Amino acid sequence: MRWVAAAGPAANLVMAILWVLLLKLAIVMDNDYSRPLALMSQAGIVINVVLMVLNLMPILPLDGGRIVESLLPRPLAYRFSRLEPYGMWILLALVFTGLLSPILRPFTTMVYELLGLLL
């Protein structure tokens, strides 16, 4: 289960890396397509980084919750899995209270900095 759950965030990371490489290409090129490619690449990076970090939150039914559940000993995993019906409500509460952004920001910043090393 953990490998299946990790595939989604891993795919987002690979796509973000590909968008960074396209951004690098847009910076190096100097023609009419440079600016649109750079803007599209920046959007692709932002979308994939945010989706990856959000998906890695340890809340069921998100992939991060599945990974945590697969790493816990069986009795704790069972207790943790009983929270799944409330996972989306927890996520919605974080969104509507404005707490989701401060939780995600340090992690997205870290990923942006790591991707910036590729430029």
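Start by selecting helix α3, residues 63-71: its buried residues are Asp63, Gly64, Gly65, Arg66, Ile67 and Glu69. Buried means under 20% relative accessible area, exposed means over 50%, and partly exposed lies in between (1.4 Å probe, protein chains only). Helices here are DSSP runs of H or I, at least four residues, numbered from the N terminus.

Before you click on, know that this is a predicted model, where local features need pLDDT of at least 70 and side-chain atom pairs count only at pLDDT 80 or more, while totals for chains, interfaces and linings use all residues. Residues are numbered from 1 along each chain as its sequence is written, and side-chain values use heavy atoms, leaving out hydrogens and water.

Now show α1, α2 (34-55), α4 (74-81) and α5 (84-97): the buried residues of α3 pack against these helices. Contact means heavy atoms within 4.5 Å.

Next, pick Arg66. For Arg66 and Glu84, the closest N and O atoms are 2.6 Å apart. That pair links distant parts of the chain, with Arg66 in α3 and Glu84 in α5, 18 residues apart. Between Glu69 and Arg66, the closest N and O atoms are 3.5 Å apart. Glu84 is partly exposed at 27%, whereas Arg66 is buried at 19%.

Last stop: Asn12, in helix α1. Asn12 counts as buried, at 9% relative accessibility. Leaving aside neighbours within four places in sequence, Asn12 touches Asn48, Leu51 and Met52.

Definitions and conventions:
Helices (H or I, at least four residues) and strands (E, at least two) are DSSP runs, numbered from the N terminus. A salt bridge is a side-chain nitrogen of Lys or Arg within 4 Å of a carboxyl oxygen of Asp or Glu.
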